[in-house]
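User: I've got a model open and want a quick walk through the ligand site and the helices by it. Can we go through it together?
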Amino acid sequence: MDPISVPDDTAFAPAARAGEDVLVWQTSAFNSDLIAVALLEAMPGPAMVLNRQRQIVASNSQLQVMFTTTDCESLIGRRPGEVLGCVRARERVTGCGTTPACAQCGAVQAILESLATHGRAVTECRLRTSFRTSSGALNFRVFATYAEIGGEEMVVVAFMDLSEEKRRKALERTLFRNLQDECTRPLLHAGPVRNDEVAPADETEFLQEFGDLSSRVLGQIEAHRQLLAAESGELVVLERDVDIRGLLEQQIAVCRKARVGRGREIGLYTEGFESLRTDPVQLARIVDGLLSNALEATPESGRVEVCATHAGDGLTLTVHNAGVIPLDVQQQIFQRSFSTRDGEGRGIGTYSVKLLVERYLDGSVEFTSDETHGTVFTVAVPDRALGRRAA
Ligand SMILES: Nc1ncnc2c1ncn2[C@@H]1O[C@H](COP(=O)(O)OP(=O)(O)OP(=O)(O)O)[C@@H](O)[C@H]1O
Ligand SMILES: [Mg+2]
């Protein structure tokens with residue numbers, strides 16, 4: 001059991017912080033231990049030393065470079081999430097570790113465990129970040145090790161960046177697993193078609209299936225390419241007058257043919273659209289991400305509802321499925337590489353949706369999930385034609 005008491009002003013880890021004088025003393029206690037300073041500096045990645053209140057009392061130059069901080073003192077007293085730009089750390093004045101969602105944070109968990117056991121804890125940590133000029137995602141393996149330095153209880157926390165590893169795994173999943181699965185069925189039919197063993201009518205069906213396969217395969221590869229471009233800020237937004245109903249019908253048809261859609265009903269309701277000026281490629285990806293998730297959460301013969309309305313100055317799109325997302329899962333949705341599904345390389349669906357909607361289409365995305373209404377993801381996307389007229 002975690003022996004650390006949780007005061008009322010926090011929803012998870014203790015909120016109280018050490019006073020200024022205590023921090024100064026702890027920092028100088030650490031810095032006077034030259035071996036400890038050298039070991040911290042020798043770590044291959046960013047690392048920090050925290051006091052019992054999870055405040056930084058020392059950091060290595062890797063961490064300072066990572067956050068373009070030249071003055072080590074400015075990190076002192078702050079908590080890990082506050083330095084790393086975690087969006088949760090800004091939700092409450094009490095800062096990092098104190099929101100309900102912090103219970104799912106690997107970094108806070110490792111630090112608390114290490115303090116409680118006087119030992120070492122290793123976890124994985126996914127953060128959604130927001131700095132003054134940019135937002136993004138961080139994915140670390142966190143190593144928290146208890147240490148008594150100058151008679152003070154401290155935790156040495158080292159971070160290993162997993163972003164590249166996760167990207168590689170997601171790409172591998174598409175290239176090796178998804179494509180293998182997708183290719184198997186039509187290839188099984190290819191032999192009989194080649195050997196003229198099927199009737200011409202069936203041959204048309206096979207050709208259709210090959211055509212669909214090519215589109216799906218190319219679509220998956222292109223989605224990865226565009227996600228990388230989106231993350232590095234290089235995605236070029238198209239502007240077209242988009243027939244929203246047509247786009248939704250097309251995406252629904254694609255999902256119906258994919259494994260995830262088989263045996264499920266997809267309802268479509270649209271209201272008030274002639275066309276909307278936006279990026280049809282990104283909008284299609286957003287619909288695909290939300291629809292795939294809703295279908296994956298729906299049992300066979302279950303139903304998913306897609307609804308698009310022209311509300312005010314843009315599109316409001318909802319995707320509904322029955323069933324409730326557990327609270328601990330809700331708290332981690334939109335994090336890069338968070339997934340409850342089997343296999344590696346997943347967890348980019350809702351992250352991509354949020355990135356594309358907010359950063360490239362100037363819109364917003366949110367969800368609700370409860371017993372009465374099931375799960376509803378809502379995307380709002382402005383009509384770019386209106387923005388241009390106003391400008
Ligand atoms: N509509 C939904 N209903 C129920 N659970 C959902 C829904 N949407 C998302 N989730 C949950 O959120 C998790 C993260 O979703 P996300 O789309 O980001 O990744 P993924 O679907 O697991 O993998 P990927 O999209 O990369 O194939 C899912 O694993 C699932 O547990
Ligand atoms: Mg998904």
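User: At what angle do helix 9 and helix 11 pack, and how far apart are their axes?
Analyst: Helix 9 and helix 11 pack at about 150°, with axes 9 Å apart. Axes are lines fitted to C-alpha atoms, for helices over the stretch in contact, and angles run from 0 to 180 degrees between N-to-C directions. Helices (H or I, at least four residues) and strands (E, at least two) are DSSP runs, numbered from the N terminus.
Analyst: This is a predicted model: local features need pLDDT of at least 70, side-chain atom pairs count only at pLDDT 80 or more, and totals for chains, interfaces and linings use all residues. Residues are numbered from 1 along each chain as its sequence is written, chains are lettered from A and ligands numbered from 1 in the order written, and side-chain values use heavy atoms, without hydrogens and water.
User: Parallel or antiparallel, then?
Analyst: Roughly antiparallel. That label takes angles over 145 degrees.
User: What about helix 8 and helix 9, at what angle do they cross?
Analyst: Roughly 45°, and their axes come within 10 Å. Helix 8 covers residues 244-257. That makes helix 8 oblique to helix 9. Oblique is what remains after under 35 (roughly parallel), over 145 (roughly antiparallel) and 65 to 115 (roughly perpendicular).
User: Switching to the ligand. Which residues come nearest to ligand 1?
Analyst: Asn-293, Ser-339, Thr-340, Arg-346 and Thr-350, out of 19 around ligand 1. Near means a heavy atom within 4 Å.
User: Which elements supply at least two residues of that shell?
Analyst: Helix 9 (280-296), helix 11 (349-360) and strand 12 (374-382).
User: What polar side-chain atoms lie by an oxygen atom of ligand 1?
Analyst: One from Asn-293 lies 2.7 Å from a ligand oxygen. One from Ser-339 lies 2.6 Å from a ligand oxygen.
User: And how much of ligand 1 does the protein bury?
Analyst: Taken alone, ligand 1 exposes 590 Å², and the protein buries 91% of that. Those accessible areas come from the Shrake-Rupley method with a 1.4 Å probe.

Conventions
Polar contact = N/O pair within 3.5 Å; in protein donor to acceptor, adjacent residues only side chain to side chain.
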